[in-house]
Amino acid sequence: MASDTDFTLSLRRLAAYLACMTLRAKFWETVPLGQMTEAEWEALCDGCGKCCLNKLEDIDTGELLFTRVACRLFDDATCRCSNYAERKTLVPECVVLTPETLDEIAYWMPETCAYRRLHEGRALPRWHPLITGDCHSTHRAGISMLGKTVSEQSLDVEAWEDYPLEEHDQS
Ligand code: SF4
Ligand code: SF4
């Protein structure tokens, strides 16, 4: 007999499928970021989880160091926010990307981030789920933070620099 969890998962899959049906063909190549539908905007996210990592910024040079130290709400086992709906309440510093905020925030996102790439006039990478048609392709390509983070709850801020993001993860 199907459990409540199975039913919820099925509904989620159905919702994701219906959302996909509304995407225009290769919209990421033809539609400006500010003119995408909500479903298209959401579909751009590759699920890498890197925007949930803490960064250290050199005050003098502005240089950013990405660390593997993740936000307290990040679930390392699923590579997702554990409470996406209430994230802004629970983590006020959580950045919400919109076409309007991209100009200001893009530099703060990882090089691989689809929003940053399109904002800078670059193409989506070959492993992006919209290119591969496989929703797990970011994980398969080793790009995502699945199973690679430590929680900020287990470390003092002074120790963050001991957990730099590896070069490969930023490619
Ligand atoms: S870094 Fe960009 S592509 Fe990756 S999870 Fe965050 S918003 Fe999505
Ligand atoms: S609140 Fe959620 S979406 Fe925001 S940084 Fe933390 S884990 Fe990521």
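Colleague: Which residues have the most contacts inside the largest nonpolar core?
Modeller: Leu44, Cys52, Leu53, Ala70, Ala114, Tyr115 and Met145. That core has 21 residues. Bear in mind that this is a predicted model.

Colleague: Which elements give two or more residues to this core?
Modeller: Strand E2 and helix H6, residues 114-119. H6 supplies the largest share, three residues.

Colleague: Leucine 53 was in your list. What is it in contact with, leaving aside neighbours within four places in sequence?
Modeller: Phe66, Thr67, Arg68, Val69, Ala70, Met145, Thr149 and Leu165. Two of those, Ala70 and Met145, are also among the core residues with the most contacts.

Colleague: Now the sheet. What is the strand order?
Modeller: E1-E2-E5. It is an open sheet of three strands, with mixed pairing.

Colleague: Which strands stand at the edges?
Modeller: E1, residues 53-57, and E5, residues 150-151. Each has a single partner strand, so one side of each is left without a neighbour in the sheet.

Colleague: In what sense do E1 and E2 pair, parallel or antiparallel?
Modeller: Antiparallel, over four bridges. E2 covers residues 64-70.

Colleague: Which residues in E2 stand opposite lysine 55 and leucine 56?
Modeller: Lysine 55 faces phenylalanine 66. Leucine 56 stands opposite leucine 65.

Colleague: How many residues lie between E1 and E2 in the hairpin?
Modeller: Six. Glycine 62 sits in that turn, with a positive phi of about 80°.

Colleague: Switching to the ligands. Which residues come nearest to ligand 1?
Modeller: Cys45, Asp46, Cys48, Cys51 and Cys113. They belong to a set of 13 residues around ligand 1.

Colleague: How does that shell divide by class?
Modeller: Nine nonpolar, two polar and two charged.

Colleague: And what surrounds ligand 2?
Modeller: Cys52, Cys71, Leu73, Phe74, Cys81, Arg87, Val91 and Cys94. By class, that shell has seven nonpolar residues, no polar ones and one charged. Cys52 also turns up among the core residues with the most contacts.

Colleague: Where is cysteine 79, and is it buried or exposed?
Modeller: Cysteine 79 is in the loop between strand E3, residues 74-75, and strand E4, residues 80-81. It is buried, because 21 other C-beta atoms lie within 10 Å and the cut-off is 20 or more.

Colleague: What about lysine 26, buried or exposed?
Modeller: Exposed, with 11 other C-beta atoms within 10 Å. Lysine 26 lies in the loop between helix H1, residues 4-21, and helix H2, residues 27-30. Its phi is positive too, near 45°.

Colleague: Where does alanine 39 sit?
Modeller: In helix H3, residues 38-43. Alanine 39 is partly exposed, with 16 other C-beta atoms within 10 Å. From alanine 39 to arginine 24 is 10.0 Å, C-alpha to C-alpha. In sequence they are 15 residues apart.

Colleague: Last, the whole chain. How many helices and strands?
Modeller: Nine helices and five strands. Along the sequence the pattern reads α-α-α-β-β-β-β-α-α-α-α-α-β-α.

Colleague: What percentage of the residues are buried?
Modeller: 20% of the 171 residues in the protein chain.

Colleague: And what share of the contacts comes from residues 24 or more positions apart?
Modeller: 53% of the contacts with a separation of 6 or more.

Technical notes: Residues are numbered from 1 along each chain as its sequence is written. Chains are lettered from A and ligands numbered from 1 in the order in which they are written. This is a predicted model: local features need pLDDT of at least 70, side-chain atom pairs count only at pLDDT 80 or more; totals for chains, interfaces and linings use all residues. A residue is near a molecule or strand if its C-beta atom, placed from the backbone, lies within 6 Å of it. Ala, Val, Leu, Ile, Met, Phe, Trp, Tyr, Cys and Pro count as nonpolar, Asp, Glu, Lys and Arg as charged, and the others, Gly among them, as polar. Two strands pair if DSSP finds at least two bridges between them. A nonpolar core is a set of buried Ala, Val, Leu, Ile, Met, Phe, Trp, Tyr and Cys residues joined through C-beta atoms within 7 Å. A residue is buried if 20 or more other C-beta atoms lie within 10 Å of its own, exposed if 12 or fewer, and partly exposed in between; C-beta atoms are placed from the backbone. Two residues are in contact if their C-beta atoms, placed from the backbone, lie within 7 Å.
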